[in-house]
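Take a moment with the chain before reading on. This report walks through a few of its features, one place at a time.

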Amino acid sequence: MKPQALLVLLILLFNLSLRAQNKPYFQQKVDYLIAATLSDSTHTLEANITITYQNNAPDTLREIWMHLWGNAFKNRKSAFCAQKLREGDRSYYFARKKERGGISGLDFSVGSQKANWRISEEHPDVAVLTLAKPLPPGGIITISTPFTLKIPASFSRLGHVETSYQMTQWYPKPAVYDHKGWHAMPYLDMGEFYSEFGAFDVSITLPDNYVVGATGLLQTESEILFLQKKEAETRARLYTNDKHVEAPFPPSSKTMKTIRYTAELVHDFAWFADKRFMVLKDTAHLESGKSVDCWAMFPMSKEVSPGKGQSRYWEKGAFYVKRAVEFYSKHVGEYPYPQATAVHSALSAGGGMEYPMITVIGNSSNGESLDDVITHEVGHNWFYGILATNERDHPYLDEGFNTYYQARYMKEHYGKFSAVETPDFLFNEKKQGSILEIGYLLLAREHKDTPPDTHSEEFNGLSYGLQVYMKTAIFLEWLEKSVGTAQFDAAMKQYYHKWQFSHPYPEDVKAVFRENNLKADWFFRAMETRDQMDWKLSGIQRDKAKNGYQLEVKNKGRLDAPFSV
């Protein structure tokens, strides 16, 4: 190529790059209509889904990338399987075929026309639909397909234990298309999700003695009465002497019921079904006068030894949900949804996992630990649920910010767990806090700490907890103390109100902080690099006039950050 032609090409590519970087903000709108039937004798779900996809981008789309995350459990070729092996967990790799799951029966149509589509060569849980007619800016299409989901055993999030079901990442959904392009990603155990906002209308058919907790607002009057009756039965049982007897899996009713949920301004839909669930309800009262229904669902558990029965801790589960909703609404911004639910169910991907309006919680060591985990997971309704950042690329914007507020909650209600101590949910033992702080410091001193603003696939389990959760929370606490709590809270509230129901990136958080005169450039640098501060007290002089001391402090490190004396 001639030098002049090469120069012209480089200038053209540079201008195209600038145009891509300077696209005005947009986000796609994706609505779902789903009808699903659970067969608990075969652990399968038969469903039909219709997706209405609205292209709000300035670009014409010729394909739609789709997530089929249930296929992460189909074979040993998934990114999920590879990640579990890297972490030393071989349980899924050596699982029997009948314990695995996956999606089959897909037959995509766009409008009334059959669509050409293919599974990604790299990932069995990612597909791409080629549009026969390109979708212009402002255009709307409907994508529909039947599908059958074989529900796997509980290896991660989606799964079942006998007839207890954890229905998460269970349906086909389009990947996010934003100003940085398509974000098609495989399912991972460590590394969460990024999805488009829209509305859901979901009908679930299953035996009528199941208790269901789900995203959205329950629309079926008979099921509302069923839950009210369950709650009354639960409260009556709490005052009996046999309240902590382990409940076996009862047989399924031969009578089926169909229950319907609707949800607005959410980017995911999850549901949990168990015939053993007890039900409790409380009500959160927000400063605006709005009320939010707060639910807890849990099976009764056997009292193996004093203080060890899980249901003993869940007697205050609905209250913990209520208190968390009120706390985050006060300090970050008002909760916009009509209900919040926590369920105690099987989970093989950490201590808890969040979805819009609902969270699933694993076992806890005591009531305080349960409160800690519920608060963290309910808090994700704000960070991840409403501020829907790309957690796969920038995990600290969700996990780290949320851990900081969780630590403030625990300090307010228990007088401990500042952000420089480890959240209980990581190890479920309070005494581990100082150990993990030492672990973080050792990694930093060896220059082996991974910056929190790193793609989630580049962390191992320990560094993910130490860096994404803990380091971010520690530095946010330093930022709060350096500018004052009132100014910090004002900036965070503006961030929430400006970017709620959107997809903010780190540069958007930086812009809001600057608008509020927060000197926070050091914080974002700390998130992006291994640079550290290394303060040295080099001199002390008595200041008799001020009846104090004047300190001379020098920073030998490369990170110029505020510090405490």
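A salt bridge is a side-chain nitrogen of Lys or Arg within 4 Å of a carboxyl oxygen of Asp or Glu. The model shown here is predicted. By this rule, the count comes to 22 salt bridges.

Start with Asp531. Its side chain meets that of Arg525 in a salt bridge, with 2.5 Å from N to O. The side chain of Asp531 also meets that of Arg558, at 3.9 Å from N to O. This second pair links distant parts of the chain, 27 residues apart. Asp531 sits in the loop between helix 13 (521–528) and strand 25, while Arg558 is in the segment after strand 26. How exposed or buried are the three residues? Asp531 has 15% relative accessibility, so Asp531 counts as buried. Arg525 is partly exposed, with a relative accessible area of 34%. Arg558 reaches 63%, so Arg558 counts as exposed.

## A bridge across the sequence

Now look at Glu507 and Lys180. Their side chains meet in a salt bridge of 3.5 Å, N to O. Which parts of the chain does the pair tie together? Glu507 lies in helix 12 (residues 506–515). Lys180 lies in the loop between strand 13 (176–178) and strand 14 (181–183).

Glu507 is partly exposed, with a relative accessible area of 39%. Lys180 counts as partly exposed too, at 44% relative accessibility.

## The second largest pocket

Next comes an open space. The second largest pocket holds about 470 Å³. Its lining is made of 19 residues. Which of them lie nearest its centre? They are Leu441, Phe475, Trp478, Met533 and Trp535.

Helix 9 (432–445) and helix 10 (461–483) each supply at least two residues. Helix 10 gives the largest share, with 5 residues. What is the lining like by class? There are 10 nonpolar, 3 polar and 6 charged residues.

## A nonpolar patch

Strand 25 (535–543) and strand 26 (548–555) each supply at least two residues of the patch.

Ile540 lies in strand 25. Why does Ile540 count as exposed? Its relative accessibility is 54%, and exposed means over 50%.

## Two positive phi angles

Two residues other than glycine have a positive phi. One is Asn547, with phi near 50°. Asn547 lies in the loop between strand 25 and strand 26. Asn547 is exposed, with a relative accessible area of 63%.

The other is Leu265, with phi near 55°. Where is Leu265 found? Leu265 lies in strand 18 (residues 256–266). Leu265 is partly exposed, with a relative accessible area of 42%.

## Pairs brought together in space

Two pairs of residues show how sequence distance and space can be read side by side. First, Thr42 is found in the loop between strand 1 (29–39) and strand 2 (44–54). Thr42 is partly exposed, with a relative accessible area of 44%. Along the chain, Thr42 and Ile151 are 109 residues apart.

Is Gly191 buried or exposed? Gly191 counts as buried, at 1% relative accessibility. Gly191 and Asp393 are 202 residues apart in sequence. From C-alpha to C-alpha, Gly191 and Asp393 are 9.0 Å apart.

Conventions. Residues numbered from 1 in each chain as written. Predicted model: local features only at pLDDT ≥ 70, side-chain atom pairs only at ≥ 80, totals over all residues. Heavy atoms only, no water. 1 Å grid on protein atoms, 1.4 Å probe; cavity = no way out; pocket = protein on both sides within 12 Å on 5 of 7 lines; lining within 4 Å. Points joined across faces, edges and corners; volume = space filled by probe spheres on them. Helix = DSSP H or I, 4+ residues; strand = E, 2+ residues; numbered from the N terminus. Nonpolar A, V, L, I, M, F, W, Y, C, P; charged D, E, K, R; others polar. Buried < 20%, exposed > 50% of the residue type's maximum accessible area, 1.4 Å probe, protein only.
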